[in-house]
Amino acid sequence: MTSTSTPPGLARFNALEEHAAFTALHEACASTAWAKRLLAARPYATPEALYAASDAAMAEITAEDLAEAMAGHPPIGRPKPGDPTSAREQRGMAGASDALKAEMLELNLAYQEKFGHVFLICATGRTGEQMRDAVRERIGNTPEREREIVRTELGKINRIRLARLVEED
């Protein structure tokens, strides 16, 4: 595929100096191993090729890499101050009632105590109630089952963030 048919945002990403590209990827996902795998496979001919590489890298990261990635995510209902990505992704909690916010805080703490990490869900497009229902359901999972759900949810988040990265003009 020629550069004229590569979307401008993807062409810009492909042309970034290695450190800048790594930084952009690391902002999308805090797993160093994931970012390095995607960086090593540049250039990408299409956004779909980048997303497929992301999915493949996510499937192969270790439990330690997954923990590193999760550490980059704030708890649901408490986006990182000054982080527009975090606030945008958790928009469903912005208008939640005080009671729902308090319940999410309790559920987040119980989840974190059980699993040792934040409750991770692809929050984009979900309401506060949907996120609450998901944590209620998932808190009963085994650690092994929950780790695989987290891996899947993180993959969804990564795709959304990569799309924003490469589809901008």
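A cavity is here a set of grid points where a 1.4 Å probe fits but cannot get out. By that definition this predicted model holds 1 cavity of 30 Å³ or more.

Which residues lie nearest the centre of the largest cavity? They are His73, Ile76, Glu89, Gln90 and Ile121, and they belong to a lining of 13 residues. Sorted by class, that lining consists of 7 nonpolar, 4 polar and 2 charged residues. Two helices, H6 (84-89) and H10 (143-167), each supply at least two residues of the lining.

Helix H10 also packs against helix H4, which spans residues 47-60. The axes of H4 and H10 are 10 Å apart, and the angle of packing is about 150 degrees. Angles over 145 degrees count as roughly antiparallel, and H4 is therefore roughly antiparallel to H10. The crossing of these two helices, H4 and H10, is right-handed.

Which residues make the contact between H4 and H10? On the H4 side they are Pro47, Leu50, Tyr51, Ala52, Ser54, Asp55, Met58, Ala59 and Glu60. These meet Arg151, Leu154, Gly155, Asn158, Arg159, Leu162, Ala163, Val166 and Glu167 in H10. By class, the residues of the contact of H4 with H10 divide into 10 nonpolar, 3 polar and 5 charged.

Definitions and conventions: Residues are numbered from 1 along each chain as its sequence is written. This is a predicted model: local features need pLDDT of at least 70, side-chain atom pairs count only at pLDDT 80 or more; totals for chains, interfaces and linings use all residues. Side-chain values use heavy atoms; hydrogens and water are left out. On a 1 Å grid over the protein atoms alone, a cavity is a set of points where a 1.4 Å probe fits but cannot get out, and a pocket is an open set with protein on both sides within 12 Å along at least five of seven lines; lining residues have an atom within 4 Å of a point. Grid points are joined across faces, edges and corners, and a volume is the space filled by probe spheres set on the points. Helices (H or I, at least four residues) and strands (E, at least two) are DSSP runs, numbered from the N terminus. Ala, Val, Leu, Ile, Met, Phe, Trp, Tyr, Cys and Pro count as nonpolar, Asp, Glu, Lys and Arg as charged, and the others, Gly among them, as polar. Axes are lines fitted to C-alpha atoms, for helices over the stretch in contact, and angles run from 0 to 180 degrees between N-to-C directions. Angles under 35 degrees count as roughly parallel, over 145 as roughly antiparallel, 65 to 115 as roughly perpendicular and the rest as oblique. A crossing is left-handed if the near helix is turned anticlockwise from the far one by less than a right angle, and right-handed if clockwise. Contact means heavy atoms within 4.5 Å.
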